[in-house]
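Subject: Structure for your review

Dear colleague,

Please find below the structure that I am handing over to you, followed by an account of what was found in it. I would ask you to keep the model open while you read.

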Amino acid sequence: MSEPEPRLVTITSTQAFGEDQPNPDETLPDPLALLGGWLPANTDELRPLMTLATIDADGYPDSRNVLLSEFDGEALFFHTDARSRKASELAANPRVSLTFVWSELGRQLTVVGDAEPASAEEAAAVFASRSRYLQLLAWSNTSELAERGVAARREAWAAFAAEHPDGTLDAPPTWVGFRVTPRRITFWRGDLDGPSNRVEYTRSGDGWSAERLPG
Ligand SMILES: Cc1cc2nc3c(=O)[nH]c(=O)nc-3n(C[C@H](O)[C@H](O)[C@H](O)COP(=O)(O)O)c2cc1C
């Protein structure tokens, strides 16, 4: 007897985590190295997911999840479609927040900062490093395709994939990258044996100020 068709698809994901500072009671003069430490290496194919919040034209927050493409020691990069709502919102207001969570580990990282377009070279290099699936997805990101039913969408996808073998696709003209320079970084560590440990770093002049916060 065949198994019944599952009604829901179960998706599991594991967020890769880098490494923490040895002594979390220590406050650092510059949190950027610690930020890089928490994130997996840029070469890790499993990219971390982050909630990107932007501000819409009415002043309301807007949020969605995107992949962190890379961290260069100064700024965090993500990539998207130039026709997307987030891209229009960023053109009008570059202020963003990025939130990562590693709930199994009891870690949360929040970055508040300003987004600016990344260079075309950087965006092309990230596209080249994306999986075949994500490359095809970037090319299939059209409202015309979104309006069609699943079967028609899959047919168009398969035809496009057949016409463009693996390794032959450059980034579509609508592929854009943004680099976010942090102005505030908050590291939250859960502690099963005590209160959570939250340290917030805020840019101050040429350096950073640090504050320990509850919650
Ligand atoms: C796991 C996951 C990863 C995603 N990664 C990206 C990404 O890297 N870039 C992107 O533009 N959208 C990504 N999306 C889709 C966005 O969440 C969002 O639906 C899309 O970008 C449109 O957002 P907007 O209309 O607010 O601009 C991802 C969604 C999920 C669930």
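Predicted model: local features only at pLDDT ≥ 70, side-chain atom pairs only at ≥ 80, totals over all residues.

**The ligand and its surroundings**

β2 contributes the most to the shell around the ligand, namely 4 residues. Residues are numbered from 1 along each chain as its sequence is written, and side-chain values use heavy atoms, with hydrogens and water left out.

Which residues surround the ligand? They are Leu-49, Arg-64, Asn-65, Val-66, Leu-67, His-79, Thr-80, Ser-84, Arg-85 and Lys-86.

- A polar atom in the side chain of Arg-64 is 2.7 Å from a ligand oxygen.
- For Leu-67, a polar backbone atom lies 3.0 Å from an oxygen atom of the ligand.
- For Lys-86, an N or O atom of the side chain is 2.5 Å from an oxygen atom of the ligand.

Taken alone, the ligand exposes 620 Å², and the protein buries 57% of that. Such areas come from the Shrake-Rupley method with a 1.4 Å probe; for residues, only the protein chains shown count as cover. Two or more residues of the shell come from each of β2 (61-67), β4 (76-81) and α2 (85-92).

**The protein as a whole**

The protein has 6 helices and 9 strands. Its C-alpha atoms fill a box of roughly 55 × 50 × 35 Å, taken along the principal axes. Of its 215 residues, 37% are buried; buried means under 20% relative accessible area, exposed over 50%, and partly exposed in between (1.4 Å probe, protein chains only). The protein exposes about 13,100 Å², of which carbon and sulfur atoms supply 53%. Among contacts (heavy atoms within 4.5 Å) with a separation of 6 or more, 60% are between residues 24 or more positions apart.

**The nonpolar cores**

A nonpolar core is a set of buried Ala, Val, Leu, Ile, Met, Phe, Trp, Tyr and Cys residues joined through side-chain atoms within 4.5 Å. The largest has 29 residues, of which Leu-35, Leu-39, Leu-76, Phe-100 and Leu-109 touch the most other members. At least two residues of this core are supplied by each of α1 (32-38), β1 (49-55), β4, α2, β5 (95-102), β6 (107-117), β7 (175-189) and β8 (197-204). A second, separate core has 9 residues, including Ala-123, Val-126, Phe-160 and Ala-161.

**Individual residues**

Is Phe-100 buried or exposed? Phe-100, which is placed in strand β5, counts as buried because its relative accessibility is 0%. Apart from residues up to four places away in sequence, Phe-100 touches Leu-39, Pro-48, Leu-49, Met-50, Leu-68, Leu-76, Arg-107, Gln-108 and Leu-109. The C-alpha atoms of Phe-100 and Met-50 are separated by 4.7 Å, although the two are 50 residues apart along the chain.

Val-101 also lies in strand β5, but at 45% relative accessibility Val-101 counts as partly exposed. Its contacts, leaving aside neighbours within four places in sequence, are with Gln-15, Arg-107 and Gln-108.

Thr-186 lies in strand β7 and counts as buried, at 7% relative accessibility. Its side chain is joined to that of Glu-200 by a polar contact of 2.8 Å. A polar contact is a pair of N or O atoms within 3.5 Å; within protein, one must be able to donate a hydrogen and the other to accept it, and residues adjacent in sequence count only if both atoms are side-chain atoms.

Finally, Gly-36 lies in helix α1 and is partly exposed, with a relative accessible area of 25%.

Yours sincerely

How values were computed:
Near = heavy atom within 4 Å.
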